[in-house]
Amino acid sequence: MILSCAIIDDEPLATDLLASYVKKTANLTLRGAYNSAISAMGELRDNPVDILFLDIHMPELNGLELARLVPKETKIIITTAFDQYAVDGYKANVFDYMLKPISYEMFLDAVQKVETVIMTTKKQDLFTNDRFIYVKSDYKLVQIHLDDILYIEGLKDYVKIYLEGNKKGVMSLINMKRIDEFLPHPEFLRVHRSYIVHMNKVKLVDRARIVFSEEYIPISESYKDVVQDYLDAHTLM
């Protein structure tokens, strides 16, 4: 995924440093570098970028004031030498905060956070519209509709996807962590190291077990709080 970005900083050395970081980061493209918030405001409002690296201390309009004006889809990463502005930044819908001097490692970490959030959002949108995934099974690509999934069991390097009306299930060479990251939450919840459950399909919970007909899925101690929060949110008191 290629992410567009812009830099606003009234210090040329700081702008040049960030521009050099962008240049050597394969999934970033620089749309513009500005020395004031005023000069950038119109462009960023009409042509939003994915990421805005934004200094706070600037003449006429400071970074936090601009942060409230740019489109919400832009992820703002504050770059400043003053750590006391962190709380104010988060109040202004700032995504992340980097304290100068900024290392390339810090820069990459912030970019990767943005990429994860954007990918997750796009994935959720995709599932909302399409409601299916493809998995590799026996050298074939098998389409699986999310609404057909009951639960998923982890078996070492494989997973077995149990479907309504299909007792055999579908085996695929993928690990639990990968499929857990891919599926929409909280519709699908990890309830145990070896199980992911489609919570929309849960009809009965018997103490620390989810019941699917004759199958009992254990809820482990590590995941019980997440599961309980989900159940509480859907329980009439």
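A residue is called buried when its relative accessible area is under 20%, exposed when over 50% and partly exposed in between, using a 1.4 Å probe and protein chains only. By this criterion, buried residues account for 44% of the 237 residues in the chain. The model is predicted, so to speak of local features pLDDT of at least 70 is needed, side-chain atom pairs count only at pLDDT 80 or more, and totals for chains, interfaces and linings use all residues. Residues are numbered from 1 along each chain as its sequence is written, and side-chain values use heavy atoms, with hydrogens and water left out.

Turning to the overall fold, the chain contains 7 helices and 15 strands; these are DSSP runs numbered from the N terminus, with helices being H or I of at least four residues and strands E of at least two. The radius of gyration of the chain, taken over C-alpha atoms, is 23 Å, whereas a compact globule of 237 residues would be near 18 Å, by the rule of 2.2 Å times the number of residues to the power 0.38. Along the principal axes, the C-alpha atoms fill a box of roughly 70 × 50 × 30 Å.

A closer look at one residue follows. His192 lies in strand S11, which covers residues 188–192, and is buried at a relative accessible area of 19%. Leaving aside residues up to four places away in sequence, His192 touches Pro218, Ser220 and Tyr223, where contact means heavy atoms within 4.5 Å. The His192 side chain also reaches the backbone nitrogen of Ser194 at 2.9 Å.

Notes. Polar contact = N/O pair within 3.5 Å; in protein donor to acceptor, adjacent residues only side chain to side chain.
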